[in-house]
Amino acid sequence: MKKLLLALALLTTSNVHAIAGGQLLGWCLTPNSDEFASSAQAVCVGFITGVGNAHNVMIANKMIEPLYCITEPLTNAEIVGVAADFFKRNPSKMHLDAAELTLAALIEAYPNTASCKLAQS
């Protein structure tokens with residue numbers, strides 16, 4: 001349990017510079033016609049995939065057990081789609097930390113079930 005709390009602390013932040021879910025979703029949904037679209041969309045992809053990469057690094061360093069289980073390779077677009085869909089379905093949570101919401105989206109979409117653990121063995 002201590003490792004899980006440490007992981008959540010490392011993946012989320014409580015300082016004033018934290019990115020809220022609504023802000024991240026706004027970047028993800030920036031229309032291509034916007035002059036800053038490529039930058040906003042790059043921040044979106046980098047942030048969401050960064051949360052996943054941090055999760056993987058902590059697992060590899062035996063800091064935590066997997067919080068979710070992805071057994072098939074996914075593209076960045078697919079992972080961003082999972083997070084964006086979760087954000088859209090949970091508008092009352094958009095004030096919460098974007099990293100925390102990204103983790104929640106991945107946990108919901110890819111639960112770490114017993115059968116998943118067997119597939120990873």
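1. Helices here are DSSP runs (H or I) of at least four residues, numbered from the N terminus. With that settled, threonine 102 has its place in helix H5. Keep in mind while reading that this is a predicted model.

2. On to the overall layout. The chain has six helices and zero strands, so the pattern along the sequence reads α-α-α-α-α-α. Of its 121 residues, 34% count as buried. If you take the contacts between residues at least 6 apart in sequence, 69% of them join residues at least 24 apart.

3. Next, the core. The largest nonpolar core holds 26 residues, and those with the most contacts inside it are Leu24, Cys28, Cys44, Ile48, Tyr68, Phe87 and Leu106. At least two core residues come from each of helix H2 (21-28), helix H3 (37-60), helix H4 (76-89) and helix H5 (98-109). H4 gives the largest share, with seven residues. As general background, nonpolar side chains in soluble globular proteins tend to be buried together.

4. Tyr68, listed above among the core residues with the most contacts, is worth a click in your viewer. Setting aside residues up to four places away in sequence, Tyr68 touches Gly52, His55, Leu103, Leu106, Ile107, Tyr110 and Asn112. One of these partners, Leu106, is also on the list of core residues with the most contacts.

5. How many disulfides does a search of the whole structure find? The search turns up one. Cysteine 28 is joined to cysteine 44, with an S to S distance of 1.9 Å. The angle about the S-S bond is 95 degrees, and the link is right-handed. Cysteine 28 belongs to helix H2 and cysteine 44 to helix H3, so the pair ties together parts that are 16 residues apart in sequence. Are these two cysteines buried or exposed? Both cysteine 28 and cysteine 44 are buried.

6. Now for how H2 sits against H4. Two packed helices are described by the angle between their axes and the distance between the axes. For H2 and H4, the angle is about 125 degrees and the axes are 10 Å apart. That makes H2 oblique to H4, because angles from 65 to 115 degrees would count as roughly perpendicular and those over 145 as roughly antiparallel. The crossing of H2 and H4 is left-handed. On the H2 side the contact is made by Gly21, Leu24, Leu25 and Cys28, and on the H4 side by Val80, Ala84, Phe87 and Lys88.

7. Neighbours within four places in sequence aside, glycine 21 is in contact with Phe87, Met94, Leu96, Asp97, Ala98 and Leu101.

8. Finally, back to threonine 102 in helix H5. What is its relative accessibility? The value is 0%, so threonine 102 counts as buried, given that the cut-off for buried is under 20%. Which residues is threonine 102 in contact with, leaving aside neighbours within four places in sequence? The list is Leu24, Phe47, Ile48, Val51 and Phe87. Among them, Leu24, Ile48 and Phe87 are also named with the core residues that have the most contacts.

Terms used: Residues numbered from 1 in each chain as written. Predicted model: local features only at pLDDT ≥ 70, side-chain atom pairs only at ≥ 80, totals over all residues. Heavy atoms only, no water. Core = buried A, V, L, I, M, F, W, Y, C linked by side-chain atoms within 4.5 Å. Buried < 20%, exposed > 50% of the residue type's maximum accessible area, 1.4 Å probe, protein only. Contact = heavy atoms within 4.5 Å. Disulfide = S-S within 2.5 Å. Axes fitted to C-alpha atoms, helices over the stretch in contact; angles between N-to-C directions. Parallel < 35°, antiparallel > 145°, perpendicular 65-115°, else oblique. Left-handed = near helix turned anticlockwise from the far one by under 90°.
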